[in-house]
Amino acid sequence: MADKKMVEEITSMDVDFAQWYTDIVRKAELIDYTSVKGCMAIKPDGYAIWENIQAELDKRFKETGVRNVYMPMFIPESLLEKEKDHVEGFAPEVAWVTHGGLEPLQERMCVRPTSETLFCDHYKNNVHSYRDLPKVYNQWCSVVRWEKETRPFLRSREFLWQEGHTAHATAEEAQERTEQMLNVYADFLEDFLAIPVVKGRKTEKEKFAGAEATYTIEALMHDGKALQSGTSHNFGDGFAKAFDIQYTDKDNTLKYVHQTSWGMTTRLIGALIMVHGDNEGLKLPPRVAPVQLCIIPIQQKKEGVLDKAYELRDRLKASVRVKVDDTDKTPGWKFSEAEMRGYPLRLEIGPKDIEAGKCVLVRRDTREKIEIGLDEVETKVCELLDTIQKDMLEAARAHRDAHTYVARNYDEFVKTFNEKSGFVKAMWCGNRECEDKIKADLAVTSRCIPFEQEKLADTCVCCGKPAQKMVYWGRAY
RNA sequence: CGGGGUGUGGCUCAGUUUGGUUAGAGCGCCGUCUUAGGGAGGCGGAGGCCGCUAGUUCGAAUCUAGUCACUCCGACCA
């Protein structure tokens, strides 16, 4: 019975995962398409998720000394061009502003695809002494990248994100900050979004344009594809040299700053959908859910039922994000609707319950129905929300672990990717040629070189030469 | 950007092959009555110049060309 499909409008994920994803995004009313190609209208239920992500992340950032700022959305072409690798990486996908009103601009400007150059320009003017360091700034904004193909949340031409940009006196401090923020991201995904991640470093091929080193957290989606869910870059002094950001140190010599940047985006909402969702719809972990508990009155026209529902809401609203579905749909409709929208917990209350002093709680994650006394609602709801949060993380971890494979030679490697989908752990020699071959053969990329290394073999899975590192490989969004 | 698919009330689609008056269905929506513990039923309504533009024709949702959007598979990216 648990497998019975109740929401017919949602395509089953095993029939067509991409269609399933699109259905959820639309039916759970997270976004709508707009007249602007590749740009979405984020609807209230989708934006509320982003607001919760934003509030929690912002709090965690500030605990590490981050301060928020705001930079322009336009970047003059000359500024974008200052760092060679950076401009090469982004030039193909920027949108250009060429006119101001009716007059052509003397110099065209792009709409920021990312703001390294603006922060560098700012730091150049504001960093003079070691006393001015570190600068630990972040901004919440949207950026534009002219993607060829777009998908809601996963790849849109404009998306919301935060971008942290820091400048430090020493290379060590920059490295520390790079790793610190990666850890903030990883903890946030696990604690708040119930998404387990693999932490590690990107290969040279996969690193950010202009970075010395790029670190990443990689999550595994339900279909076995990987999603890069956050990145943290150490720029060394590359940008500082390109933009001439120098300070006078204690010893009265001029030194270049060392910089980092790190970002997370609305793509996380896509991750929430694809990690936790099922054929009934969205499934939100309690901590991020805009509505944690939905109260569904049964026979709500009967005397006292709605009053009791409102009374429960008022008792709970101090500790839980709660709403009463008092629309005049049938209860069955409301159950399905609550599931489609991913509310972690729902409470059913009708005349029989009221008479017996009870109500029914139903978990979204397991569909388990639990009868409780009306006097214990506050404690049970809070307990259950905690349990659901934990269980969802464990379920996601179990799924990821069950879809993480090991390959010791190329035959195993190819066979695994042909037959399974997920992460494959394998040894790598460190050469770009092997990454290129693997990508050409299998459309598989290196996801990361995990911090937690295991020695699976002595030789590279691809070329057979001595291995340097164990790498997570996968097909990615 | 290359390849495939799709555009007809809010949604899902029929009608296009073979051009022919007022363009259909189901669901949803509005009103109302009856219902109510897993997507209820009756009655009465509203809503579409068929993605857009040009062309062919006495006549175009239907044929032709172009264009735009969405979607899927690649290449690129968070």
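Chain A is split into domain 1 (17-276), domain 2 (293-387) and domain 3 (404-474), with bounds that come from an automatic or database domain assignment. Between the centres of domain 2 and domain 3, taken over C-alpha atoms, lie 49 Å. This is a predicted model, where local features need pLDDT of at least 70 and side-chain atom pairs count only at pLDDT 80 or more, while totals for chains, interfaces and linings use all residues. Residues are numbered from 1 along each chain as its sequence is written, and chains are lettered from A and ligands numbered from 1 in the order in which they are written.

**Around RNA strand B**

- RNA strand B is surrounded by 48 residues, counted as near if the C-beta atom, placed from the backbone, lies within 6 Å of the strand.
- The closest are Lys148, Lys301, Gly332, Glu348 and Gly350.
- Elements giving two or more residues to this surface include helix H1 (17-27), strand S11 (226-236) and helix H10 (331-340); helices (H or I, at least four residues) and strands (E, at least two) are DSSP runs, numbered from the N terminus.
- H10 contributes the most, with eight residues.

**Helix H14**

- Cys434, Glu435 and Ile438 are buried in helix H14 (residues 432-442), meaning that 20 or more other C-beta atoms, placed from the backbone, lie within 10 Å of their own.
- These buried residues line one face of H14, because they fall within an arc of 100 degrees seen down its axis, the arc being that of the directions from the helix axis to the C-beta atoms.
- On the other side of H14, Arg432, Glu433, Asp436 and Ala440 are exposed, with 12 or fewer such atoms.
- Just after H14, Ala443 has a positive phi of about 60 degrees.
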